[in-house]
Amino acid sequence: MNNVASNKLYWVYFWCSIAVCVMHGAGLTNVVGGGDFLCRFLYYVGIPAMGWFFFSSAYFLFRNYEEKSWSVIIAKKAKSLMIPYLIWNIIGYIWFSLVY
């Protein structure tokens, strides 16, 4: 794949990730005083983006696949996903223990 097409896919990946975040945050519009229309709109905008997000994630995962073993790929992904997951869960736990 040429560089131009790859850059276009990066932009699709970027906008899909934004739409997925918006879809997950659509439930918060009722909490912070958003209307029912806004909540439904944000939710339905994010639904098609979810599939494209997973599709582009899989593409970028295996784009530079050079006969590495699965254990190397999974270990790299686990490290890059678990560190932010643990950090945000610790922050959330501290936050909710202080607030509630």
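These legends cover close-up views of a predicted model.

Residues are numbered from 1 along each chain as its sequence is written, and side-chain values use heavy atoms, with hydrogens and water left out. In this predicted model, local features need pLDDT of at least 70 and side-chain atom pairs count only at pLDDT 80 or more, while totals for chains, interfaces and linings use all residues.

**View 1. The largest nonpolar core holds 7 residues.** Its members are Cys16, Ala19, Val20, Met23, Ala49, Met50 and Phe53. Helix α1 gives the most, with 4 residues. A nonpolar core is a set of buried Ala, Val, Leu, Ile, Met, Phe, Trp, Tyr and Cys residues joined through side-chain atoms within 4.5 Å. Buried means under 20% relative accessible area, exposed over 50%, and partly exposed in between (1.4 Å probe, protein chains only). Helices (H or I, at least four residues) are DSSP runs, numbered from the N terminus.

**View 2. Cys16 touches Ala49, Trp52 and Phe53.** Residues up to four places away in sequence are not counted. Contact means heavy atoms within 4.5 Å.

**View 3. Ile47 lies in helix α3 (residues 36-62).** Ile47 and Val20 are 27 residues apart in sequence. Their C-alpha atoms are 7.6 Å apart in space. Ile47 has 39% relative accessibility, so it counts as partly exposed.

**View 4. Trp11, Phe14 and Trp15 are linked into a cluster by ring pairs.** The structure holds 3 aromatic pairs. In one of them, the ring centres of Phe14 and Trp15 are 5.0 Å apart and the planes meet at 70°, so the pair is edge-to-face. Phe14 is partly exposed, at 37% relative accessibility. Trp15 is exposed, at 52%. Rings of Phe, Tyr and Trp (its six-membered ring) pair if their centres lie within 6.5 Å; planes under 30 degrees apart count as stacked, over 60 as edge-to-face and the rest as tilted.

**View 5. Trp52 and Phe55 form an edge-to-face aromatic pair.** The distance is 5.7 Å centre to centre, with 90° between the planes. Both residues lie in helix α3, 3 residues apart, about one turn of the helix. Phe55 is exposed, at 52% relative accessibility.

**View 6. A nonpolar surface patch covers about 1,300 Å².** Its residues include Met82, Tyr85, Trp95, Phe96 and Tyr100. Ile94 also belongs to the patch and sits in helix α4 (residues 70-99). With 43% relative accessibility, Ile94 counts as partly exposed. Patches are made of residues with over 30% relative accessible area and no salt bridge: like charges are joined within 9 Å, nonpolar side chains (Val, Leu, Ile, Met, Phe, Trp, Tyr) within 5 Å. A salt bridge is a side-chain nitrogen of Lys or Arg within 4 Å of a carboxyl oxygen of Asp or Glu. Accessible areas come from the Shrake-Rupley method with a 1.4 Å probe; for residues, only the protein chains shown count as cover.

Conventions:
Helices (H or I, at least four residues) and strands (E, at least two) are DSSP runs, numbered from the N terminus.
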